[in-house]
Amino acid sequence: MKTIGILGGMGPLATADLFKKIIMMTDANSDNEHIPIIVENNTRIPDRTDYIINDGEDPTKYMIKSAIRLEMMGADVIIMPCNTAHYFYDEIIKYIKIPFINMIVETAKETKNLYPKGKIGLLATEGTCRAGIYDKVFKEYNLELIKPNPEKQKYVMKLIYDIKKGKDNIDLKNFKSVLKELKNQGAEAFILGCTELPVAFEMFSIEEICIDPTKVLACSAIRYAGKNIR
């Protein structure tokens, strides 16, 4: 059985969510049948969106160091739950010798399987949206993305950062207006393109047709490690 390395800390709650999903979805009947997992919860990694849109501190070297640490600690494969951090994916893989499963690519494959000709609403950080992290990959799979306008995007960002702050008393009125607008534009489903969003959707029981990249990534990692999905 292979060992999974999680390049985390972006943020810690999202990292824990991925770890939990791997455990809950692995077909295992005892502790010893579960997949060995190494978690690098590097909370010192600078904010990815701040770098992409505000010329903040470059987080690349921090993620490279985390990836190298995971490899040195015995990881056979690396996964990273932060969507925006995949902006730096091509640079990170230059410094490691083990596979690094790309969550955006895995999500595109799953979306193509479920909605081969549909319109998909993207809920993500400003950094992910501006950098076109999903746009580039989804275009390769001939998938159409719909994104909130700048006015609505700020409501998505507020929810994401409220979750990062650990808030549990959040007014969802403005966020739900984003969902309504995207559905009016033809969105058949929503990509939860920031790892805090699956946490928020579960926390507040938001009932929409969604694709959770964290769950998709967990399934891909489980299979790569040599186990079956429960």
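The largest nonpolar core of this predicted model holds 22 residues, and those with the most contacts inside it are Leu123, Leu159, Phe175, Leu179, Leu182, Leu197 and Phe201; such a core is a set of buried Ala, Val, Leu, Ile, Met, Phe, Trp, Tyr and Cys residues joined through side-chain atoms within 4.5 Å. Because the model is predicted, local features need pLDDT of at least 70 and side-chain atom pairs count only at pLDDT 80 or more, while totals for chains, interfaces and linings use all residues. Residues are numbered from 1 along each chain as its sequence is written, and side-chain values use heavy atoms, with hydrogens and water left out.

- Apart from it lies another core, of 19 residues, including Met10 and Ile45.

**Packing of α8 and α9**
- Helix α8 (residues 150-164) packs with helix α9 (residues 173-184) at an angle of about 130 degrees, their axes being 8 Å apart.
- The contact, meaning heavy atoms within 4.5 Å, is made by Lys152, Tyr155, Val156 and Leu159 of α8 and by Asn174, Phe175, Ser177, Val178 and Glu181 of α9.

**Arg69**
- Arg69 lies in helix α3 (residues 60-72) and, at 36% relative accessibility, counts as partly exposed, a class between buried (under 20% relative accessible area) and exposed (over 50%), using a 1.4 Å probe and protein chains only.
- Not counting residues up to four places away in sequence, Arg69 touches Glu40 and Asn42.

Terms used: Axes fitted to C-alpha atoms, helices over the stretch in contact; angles between N-to-C directions. Helix = DSSP H or I, 4+ residues; strand = E, 2+ residues; numbered from the N terminus.
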